[in-house]
Amino acid sequence: MKKHIVKSAMLALMTTSLMAPTAFAGEPTPQDKPMQGQYHKGQHKGHHGFMHGMLRGLDLTEQQKSEINKLMDEKKAARKDKRLTAEERQAHKAQMLELVTSESFDEAKVLAAMKEREAKRELGMLEMIKLQRSVYQLLTPEQQTQFKENFNKRGMRKGDRP
């Protein structure tokens with residue numbers, strides 16, 4: 001029994017001593033991290049995450065990367081212009097509180113608020129699909145084929161992938 005404890009302690013000590021330099025090395029710099037173009041995990045700008053998986057493995061040219069970044073920046077600027085002001089957010093919050101806490105439940109008002117919210121969500125989805133289409137049009141036929149494969153894999157669990 002004691003022999004097992006000693007072996008475990010020695011293993012823990014060796015593991016700790018081997019791992020200590022990496023634990024105290026600090027955060028790796030961008031030069032230390034492997035890169036796949038500009039679209040590698042943890043380094044995408046803004047809300048590029050949804051496109052990251054689509055562009056994986058496409059071997060984009062510098063011109064394609066530049067044009068995609070331009071499209072992304074335009075989308076970001078357009079979204080910023082459509083963002084609700086603090087007053088509008090506060091008014092929406094007050095409206096929701098009123099619907100929840102009112103003496104009587106007004107189903108028509110709740111449904112109207114839900115429809116308004118859904119309409120905004122649909123417009124956002126439409127803009128995202130337009131952006132994806134614009135990016136798709138910049139790709140070569142081989143890249144388009146890979147893009148389609150990436151799109152089909154999106155959201156699938158590893159066990160579900162073909």
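**Exercise 1. Locate Arg-121 and Glu-118 in the fold, and describe how their side chains meet.**

Arg-121 and Glu-118 both belong to helix α5, where they stand three residues apart, about one turn of the helix; helices (H or I, at least four residues) are DSSP runs numbered from the N terminus. The model is predicted, and local features need pLDDT of at least 70, side-chain atom pairs count only at pLDDT 80 or more, while totals for chains, interfaces and linings use all residues. Residues are numbered from 1 along each chain as its sequence is written, and side-chain values use heavy atoms, with hydrogens and water left out.

The next step is the side chains, which meet in a salt bridge at 3.1 Å, N to O; the term requires a side-chain nitrogen of Lys or Arg within 4 Å of a carboxyl oxygen of Asp or Glu.

**Exercise 2. Describe how helix α3 packs against helix α5, and which residues make the contact.**

Take the geometry first: α3 (residues 62–82) and α5 (residues 107–137) pack at an angle of about 165°, with their axes 10 Å apart. Axes are lines fitted to C-alpha atoms, for helices over the stretch in contact, and angles run from 0 to 180 degrees between N-to-C directions. The two helices are therefore roughly antiparallel, a term for angles over 145 degrees.

Then list the residues: Ile-68, Leu-71, Met-72, Lys-75 and Lys-82 of α3 make the contact with Glu-127, Leu-131, Ser-134 and Val-135 of α5, contact meaning heavy atoms within 4.5 Å. These residues divide into five nonpolar, one polar and three charged.

One of the contact residues, Glu-127, also forms a salt bridge with Lys-130, the closest N and O atoms being 3.8 Å apart. Glu-127 is partly exposed at 35% relative accessibility, and Lys-130 is likewise partly exposed at 47%.

How values were computed
Angles under 35 degrees count as roughly parallel, over 145 as roughly antiparallel, 65 to 115 as roughly perpendicular and the rest as oblique. Ala, Val, Leu, Ile, Met, Phe, Trp, Tyr, Cys and Pro count as nonpolar, Asp, Glu, Lys and Arg as charged, and the others, Gly among them, as polar. Buried means under 20% relative accessible area, exposed over 50%, partly exposed in between (1.4 Å probe, protein chains only).
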